[in-house]
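Please read the following note with the sequence and the model open beside it. The points are numbered so that each can be checked in turn.

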Amino acid sequence: MRFLALLLATLSFSAAAQVYKWTDENGVTHFGTQPPAGQREEVEIRSSAPGDLGASQIKPADKKEPSAVQAASDSQLSPQMKFHQEANRRACNLAKTELENAERLVTLGESQKAYDFVLEPRRKKVVYWKSRVDLHCKDD
């Protein structure tokens with residue numbers, strides 16, 4: 001048991017190691033734990049929760065702003081913010097599609113009078129995808 005705890009502690013320290021970024025003579029960007037000779041650009045790695053798509057790093061937009069003004073201000077957003085917004089839109093579309101599929105499977109199971117052990121996991125998926133829609137589709 002002590003060995004396992006020591007192993008996990010060692011692995012957690014190595015996960016927090018420094019990461020370096022460099023570009024070679026061909027213009028290819030590399031990342032690694034050891035910098036090449038003579039170069040030392042350290043990269044900061046931000047933490048995020050699984051599935052948030054960086055949403056914790058994004059400041060929410062003012063919801064009172066009209067869509068025409070929002071479209072004009074979209075051109076002033078940083079590339080990183082545009083990337084996160086596009087990722088959130090894609091996550092929203094995926095969640096909506098999966099929710100429709102899950103609801104369709106529940107309806108199909110109920111119409112065929114399926115057993116509860118078949119329907120219960122399907123109902124749980126509906127609840128899960130509804131929560132994902134609520135998370136990613138706030139502006140819709």
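The points below take up the helices, the disulfide, the core and the hairpin.

1. The structure under review is a predicted model. The remarks that follow should be read with that in mind.

2. Helix α3. This helix has 33 residues. From its first C-alpha to its last, α3 reaches 48 Å, close to the 48 Å expected at 1.5 Å a residue. Lys 113 follows α3 and has a positive phi, near 55°.

3. The buried side of the account for α3. Which residues of α3 are buried? They are His 84, Ala 87, Ala 91, Cys 92, Ala 95, Leu 99, Ala 102, Val 106 and Gly 109. These buried residues pack against α4, so the student may wish to view the two helices together.

4. The disulfide. The structure holds one disulfide. Cys 92 and Cys 137 form this link, and their sulfur atoms lie 1.9 Å apart. The link is right-handed, with 120° about the S-S bond. It joins distant parts of the chain, for Cys 92 belongs to helix α3 (residues 79–111), whereas Cys 137 belongs to the segment after α4 (116–136). The two cysteines are 45 residues apart.

5. Accessibility of the two cysteines. Are Cys 92 and Cys 137 buried or exposed? Buried means under 20% relative accessible area. Cys 92 has 2% relative accessibility and therefore counts as buried. Cys 137, at 10% relative accessibility, counts as buried because its value falls under that limit.

6. The largest nonpolar core. How many residues make up the largest nonpolar core? There are nine in all: Cys 92, Ala 95, Leu 99, Ala 102, Val 106, Val 126, Trp 129, Val 133 and Cys 137. Each of α3 and α4 supplies at least two residues of this core. The largest share, five residues, comes from α3. As general background, nonpolar side chains in soluble globular proteins tend to be buried together.

7. Contacts of Trp 129. Neighbours within four places in sequence are left aside here. Trp 129 is then in contact with Ala 95, Glu 98, Leu 99 and Ala 102. Ala 95, Leu 99 and Ala 102 are also among the core residues.

8. His 136. This residue lies in helix α4. His 136 counts as buried because its relative accessibility is 6%. The side chain of His 136 makes a polar contact with the side chain of Asn 88, at 2.7 Å.

9. Asp 139. This residue lies in the segment after α4. With a relative accessible area of 69%, Asp 139 is exposed, since exposed means over 50%. Asp 139 and Arg 89 are 50 residues apart along the chain, and their C-alpha atoms are separated by 9.6 Å.

10. The hairpin. Strand β1 (residues 19–23) and strand β2 (residues 29–32) pair in the antiparallel sense over four bridges. Five residues stand between the strands of this hairpin, and Gly 27 takes a positive phi near 85°.

11. Thr 23. This residue is found in strand β1, opposite Thr 29 in β2. The C-alpha atoms of Thr 23 and Pro 36 are separated by 9.7 Å, and the two residues are 13 residues apart along the chain.

Methods. Residues numbered from 1 in each chain as written. Predicted model: local features only at pLDDT ≥ 70, side-chain atom pairs only at ≥ 80, totals over all residues. Heavy atoms only, no water. Disulfide = S-S within 2.5 Å. Buried < 20%, exposed > 50% of the residue type's maximum accessible area, 1.4 Å probe, protein only. Expected span 1.5 Å × (residues − 1). Contact = heavy atoms within 4.5 Å. Pairing = 2+ DSSP bridges. Core = buried A, V, L, I, M, F, W, Y, C linked by side-chain atoms within 4.5 Å. Polar contact = N/O pair within 3.5 Å; in protein donor to acceptor, adjacent residues only side chain to side chain.
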